[in-house]
Each structure stands twice: as C-alpha cells, then as structure tokens.
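This report describes how the chains of an assembly meet. The account begins with one interface and then turns to the arrangement of the copies.

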Number of protein chains: 4
Amino acid sequence: MFDLHKFSLRAQEIIEAGKFLYGAGWSPATSSNYSARIDDANIAITVSGKHKGRLQAQDIMVVDLQGRAVASQMKSSAETLLHTVIYDLKPNVGAVLHTHSVNATVLSRALRPNTEIVFEDYELQKAFRGVYTHEGRCVVPIFDNTQDIEALSALSVEYLKEHSDCPGYLIRGHGMYTWGETMAECLRHVEAMEFLLACELEMMRIKS
Amino acid sequence: MFDLHKFSLRAQEIIEAGKFLYGAGWSPATSSNYSARIDDANIAITVSGKHKGRLQAQDIMVVDLQGRAVASQMKSSAETLLHTVIYDLKPNVGAVLHTHSVNATVLSRALRPNTEIVFEDYELQKAFRGVYTHEGRCVVPIFDNTQDIEALSALSVEYLKEHSDCPGYLIRGHGMYTWGETMAECLRHVEAMEFLLACELEMMRIKS
Amino acid sequence: MFDLHKFSLRAQEIIEAGKFLYGAGWSPATSSNYSARIDDANIAITVSGKHKGRLQAQDIMVVDLQGRAVASQMKSSAETLLHTVIYDLKPNVGAVLHTHSVNATVLSRALRPNTEIVFEDYELQKAFRGVYTHEGRCVVPIFDNTQDIEALSALSVEYLKEHSDCPGYLIRGHGMYTWGETMAECLRHVEAMEFLLACELEMMRIKS
Amino acid sequence: MFDLHKFSLRAQEIIEAGKFLYGAGWSPATSSNYSARIDDANIAITVSGKHKGRLQAQDIMVVDLQGRAVASQMKSSAETLLHTVIYDLKPNVGAVLHTHSVNATVLSRALRPNTEIVFEDYELQKAFRGVYTHEGRCVVPIFDNTQDIEALSALSVEYLKEHSDCPGYLIRGHGMYTWGETMAECLRHVEAMEFLLACELEMMRIKS
C-alpha cells in the first residue's frame, strides 16, 4: 500500500496544478490529465472526465505502474498508460502533465504526422532541466493520435528510450505530454513548451 | 405553475454561467442569452438586454415552451423561440446557451452561408455527449442571420430533427447555440466548441 | 459651482470604468482618458497621466464645457476638448470614454487616413443605442492624429453634426472615442466597438 | 553597506512588479530578471531561477555596480551585468526590468539581426519619458543573443552611450530590457513597449 500522507500531498499538488492549467486555457472542457509519483510503485492520477479547474480530493485516485487502480473503484483517465510508462522508464520523474491547448493542437495538425518540432536559438530552452544554453537543439516529436493507448504508450516509451533529453511530446490533434522531477519543475516545462509553441505558431502566421 | 425552488436553482446556474461566459469574452456588450429547464413545460431564461457578467435573480424569468412569459411582465430575449424549440424537440435537454464570441462571429462570416463546419481528428470532439473517439465527423451548420426569429427557429428545429447528433449551430455574424442535459454539460459543450472554432480559425490564419 | 455629491458619484463611475478598461488591456501605460457629465455646465474628467487601473478620487477633476479647470489647480487630460465638444453638442450624453487598444491602433493605421470603417451584418451592431437590426450600416470614421487638439475637436464636432448616428470614432495610431447616455451604456459601446474591431482585424488576418 | 530599510522598499517593489509581469504573460517559466537601485553603489536584484509571479523577500539580493554579490551567498541572475551597466551609465535610473514575452521573442527573431525596430506615429510613444509628441521616431535596437554576458553588456552600454534617448532594447530570441527613474515609470515603459511590439507584430500578420 502507499503512504496516505504522501498521497494527500501529491493530490493537493495536482489540484493546484489544475487550477493554474485550466486558468491558462490549456485544459478546457474536462480534457487533460495529470499525475504525480507517490513512491516507486504508486502514482496519484486524475479520475477520468473531471473539470480540471475544480478538482477535489475525490477526483484523484491511485494507480500502479501498470496503470491498474489501487484501493479504488474509480476509473482513471483513458490515457493512464501514457503516464505510467514515463514513471517506469524515468525513476527521477515525479510528475507528468498532459495538457490540451489550442496552440499544441493546431501545430500538431498543421505539421506533417511523425515530424518533429525543433526549437533553436530560444533563450527559453534553458527552462528545460539540463539545458544551459540557447545554442543547442530541443526536439519535440509528434505522434499520430489513436484510441489504442497501449500502442501509443509503447511507441512513446520507445522514443524516450532513444532520446533521453526529449522534454515532451505532442499527439496529433490531441495535446502535449511533459514531465519533471517535481510538480513545480513539470509546470515550468509546460509553461516553457507552451511559450515555444506559441512562438513557432506566430512565426507561421507572419510568414504565411 | 412551476416549482419556485426549482426555478431558483436554475436561475442560480444561469447567473454562474453568465459570470464564466462573460469572463471568457464570449458574451460581451449584453449580447447572448441563456436558459435552463425547470420542468416539462417551463424554462428559466434571461431577461432581454442584461449585462451577462452581472446577472441577478431579477434578470431571470420564466417562459413556456411556446416562449410566452409565465408569471411575469418582463420581456425575455428576442431569441426565446430558438431556446424553446430545442427543449420541445429534445426532452433530455436541461440547458441551452447562446454565446457571441469573436471567433464564432468571424468564422460564420468568413465561410459561405449555409455551409457547415466539420470537425475531424480532434481529440476534443470527445467532449461532446455520446462521442467516444476522435475518428468521427462532428458537423456544425451555419444558418443565415435574420431578425425573423420564428423563421429561424423553424429552420433550426428542422435541421436538428434530421441531425440528432448535431452538437450546436452558428448563426452568421451572430454567434453560437449549444445545449446539454445539465448546465455543466452545456458549459463543457461551449468550451469544446469554442476550442474547436479557435483551432479552425488558427488553421485559416497560418494557411492564408 | 457643481453639486459635490453628483461629482462624487460620477468620479466613482470613472474609477470603476478604469479598473474594467485597464483590465481589458484597452488603457495601457497611462494612456486613455475618461469623463462623465455632472450637470449642464460641468464635466468630471481624469487628471492627465494617471494609471487608469488604479484611479483614486484625487485623480478626477472638473472642467467646464470649454475644457477649463473648475475649482482645481490640476491639469486635465491634453485631450479634454475632445470630450467637452461632445457634451456640448449632445445634451443627452452622460459619459465619454477614450480608450487605446492594440486593435484600434492597428486598424486605424492599416486603413488609409480619412477612410471609414463600416460594420455590416453584425448582430452586435444592436448593442449601439438606437440600432434594432443587424441589417443597417454602422460607420466609424478615422481622423488623422495631431497634437493640435483644438483643430481635432473642431473636426470631430463637425463630423458628428453631420452624422448624428455615429457611434464613435478612431484617431489614427491613437485609439477610440465613444459615448453614451450613462456610463453603463458607454461601457457597452466600448465593448461592442472593440468586439467589432476585433472581428474586422481577424478578417484581415485570415484574408491576408 | 546599504540601508536595510531602502533595500526592503525596493525588494517589495520588485515582488509586486513580478506579480504584474508574470500575470501579463511576460515572464513565464522562471525567465526574466528585475532590479531596483538602492543607492549609488547597491542594486537590489532577483536571485537566479525563481518563479517571477511568486517572488518572496528571500528571492531578492544585493549586488554592486560590478555585479558582485553584497552580503549574500546567493547567485544573482546570469544577466546581472546587463542591469548594472545601465545603473552605472545612467545615474537617474532607479529600476531595470528584463521581460520575456512571446511578442518580443518572435519579433526579435523575425527581423534581421542587428536591425532596429522603429516606432513612428504612435500616440503611445508619449508614454516614454521625455517624449511629448507622436511625431518623432522611437528606435529600439536588437542585439544578437549570446551566453557571453560580459560582451553583451559592453555592446549594450556602447549603444546606450551613443543613443541616450533609447527607451529599451531587445535580445534576439530572448526578450526585452527597459528602465525608468522609478519602478512605476519602468513598468509604464514595459507596458508601452509591449503595446508597440504587439502593434508591429499585428501589422506583419495582416500584411503577410
């Protein structure tokens, strides 16, 4: 079993993250799902279909690293496996956020499937953990959308194994996944990614 | 007569919806009108011409399914019939929201009259009741604007009879109508529709 | 002299209007100026150069219809005459708001000088006093900017005499003027005008 | 040593500025850094890597005009020298703000390196200290980004010596620097600059 106090702390972080992300317009219409690691084996995650700006304690549940509900009859997000494979692969990751912004949706549709977005020469690349200069390349893959989450989770983990410095990924027409060692770091990554996507989209607008 | 307690509950939902929708910029300058079902025969609806972000109890009145004021000398929205025909046609509908965003206005003017907007391959289509995959087509018709609300209500109900899965419609240069079984569901539909319209408009910007 | 209680009521309306307009992004960087009629001869108006989101009672002063300070050593806005000529010409006007949005600035620069913006087929035209259908034309002139406010006030009043149904005007690169019988009506006109300008600009974006 | 009371006043101004600038979206993901002059020799400045919307007293430190920490083991922003050279050059400057908006980032990347942005015929140019008409030219240089802050600070101060009326500058892909005699004036300059950048970008959108 998991430690209840640790669960409560993580649940509260998820609730606060939801207020921020919904307020920013990045989790509309009950879209998105959020999670945080309780311990090596247990993950706190949002229950399916909740309003992300008004999460309450009962809207957070626990799953194991295979995505199975722990001590709960609730149904976790349909995309639970996309979260758990990241925790399984990356032991230092403490939080995973899936958001659903207009910009991520549009960019992932406007670019060809299975292409990558490459951020270069942006100072804000330094907001990603381990990046200390704007002079590198920051690569964000776009995966095709599917309702077969098992297949998508396998695809994503395969990619992340080969690209250990990948800061996040998009799903076509569906939004963004990113992660961090703490919820605060993960939220910083969301903000940085949304900023960079906004810049890329704006470049497309003025060049069109 | 209607049950007064049920009226008060629905009126409060409308007031709260107004705060949200005005705050989102979707009901500016006293535009828009909102309603909620009290029972089989009575509908709570906004009085004409009120500031939608600051509705008070006295700004909500009751009409029957023919749009006639019940127990009131107030004047309901000029578009009352557009609401009541939906309640009449769809017994499960508990709320109808008409909003008036820049995006809905611009898209409905930019596209040819009597065309439809088709959403495809958006994960957020799943925010609409009864949609479980992004792989279907979600069709939103655009009706020409007119001050003859009786004609427009007949046109809309005709369309909805033939397209029972239609999640909402636009009126050219005028805004959007959507509905739901509860106010919460109806608000989710507004958010989803505005998100999808924003995406479509953005695609037009970067392709132009 | 003016009635002090009436002054205080109007000053409070101006303070509240400033909070709203600054919050909407329409009065940045101490731009804009606002006024409200106290009586036939006296106008409450903002002191020059104040932060419009944080106006206090001492930031509102009184001028006569010739724009001269009344019972005050303060300096009213450089554009005071643009306000007072409207009160002088239109006895029913109770409030005048000058705002300074990005959209008004860009549109007034993008269009040729001394052209007009024409709103047609927008339902929201009905937000302007005296308009009961979207089927008419709503014309907003654009005047060239100048630091010679006396000349500009003469030009504006000349135009308004000939176009009594004009709902507001733009100054090139400088922002918008609109008015109403009450502050509430004037704020509705600002919202409607900004909505319609946003729509026009969006049409230019997707057509470009 | 510096006067502790004066430090506390400046630190509080920086904290409040951060709330505003983060709220406006101009300092996302721990980007940006802010400073305020305590006296001829000491500058209050943000500690490196903090969330700018939630600064606390312990997130503000003191550096001298050479950028060396005073009475502190904390690490000030990597860009500290870009602040201190301005205080050193301009004795009347009391505050320097570096912000990091999408608009500044995109414009600085879209325009050729080592070009200038020229604002002309904008009424809002009058928001900059010493500007009394829209009829002048307001020139904002764009410097190439580099992690060599010493070189960039030398370049910036060279430029500012030759252009004493320059209201601020951009760093390519990195954001904006501006300054003022007080924090209030500096914030007005940020707002004015962001407004003018937004206008310029919008012109590029509708012309593209």
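## Interface of chains D and C

In this predicted model, 23 residues of chain D are in contact with 24 residues of chain C. The area buried between the two chains is about 1900 Å², and carbon and sulfur atoms give 61% of that area. Three residues, D:E123, D:F195 and D:I206, supply 30% of the area that chain D buries against chain C, more than any other three residues.

## Polar and charged pairs

Between chain D and chain C the count is 1 salt bridge. The salt bridge is formed by the side chains of D:E202 and C:R205, with an N to O distance of 2.6 Å.

Helix α5 of chain D, residues 183–207, gives the most to the side of chain D that touches chain C, with 11 residues. By class, the residues on this side of chain D divide into 11 nonpolar, 3 polar and 9 charged.

## Relation between the copies

Chain D can be laid on chain C by a turn of 90 degrees and a shift of 0.0 Å along the axis, with an RMSD of 0.0 Å. This is the relation of a four-fold axis. Which surfaces do the copies use to meet? Only 9% of the interface residues of chain D are also interface residues in chain C, so the copies meet through different surfaces.

Chain A is likewise superposed on chain D by a rotation of 90 degrees with 0.0 Å of shift along its axis, and the RMSD is 0.0 Å. Here too the copies use different surfaces, as 9% of the contact residues of chain A recur in chain D.

## Chains without contact

Two pairs of chains remain to be described. Chain A and chain C do not touch, and their nearest C-alpha atoms are 8 Å apart. No contact joins chain B and chain D either; the closest C-alpha atoms of chain B and chain D lie 8 Å apart.

Notes
Residues numbered from 1 in each chain as written. Chains lettered and ligands numbered in written order. Predicted model: local features only at pLDDT ≥ 70, side-chain atom pairs only at ≥ 80, totals over all residues. Heavy atoms only, no water. Contact = heavy atoms within 4.5 Å. Buried area = accessible area lost by both parts, 1.4 Å probe. Salt bridge = Lys/Arg side-chain N within 4 Å of Asp/Glu carboxyl O. Helix = DSSP H or I, 4+ residues; strand = E, 2+ residues; numbered from the N terminus. Nonpolar A, V, L, I, M, F, W, Y, C, P; charged D, E, K, R; others polar. Least-squares fit on C-alpha atoms with pLDDT ≥ 70 in both.
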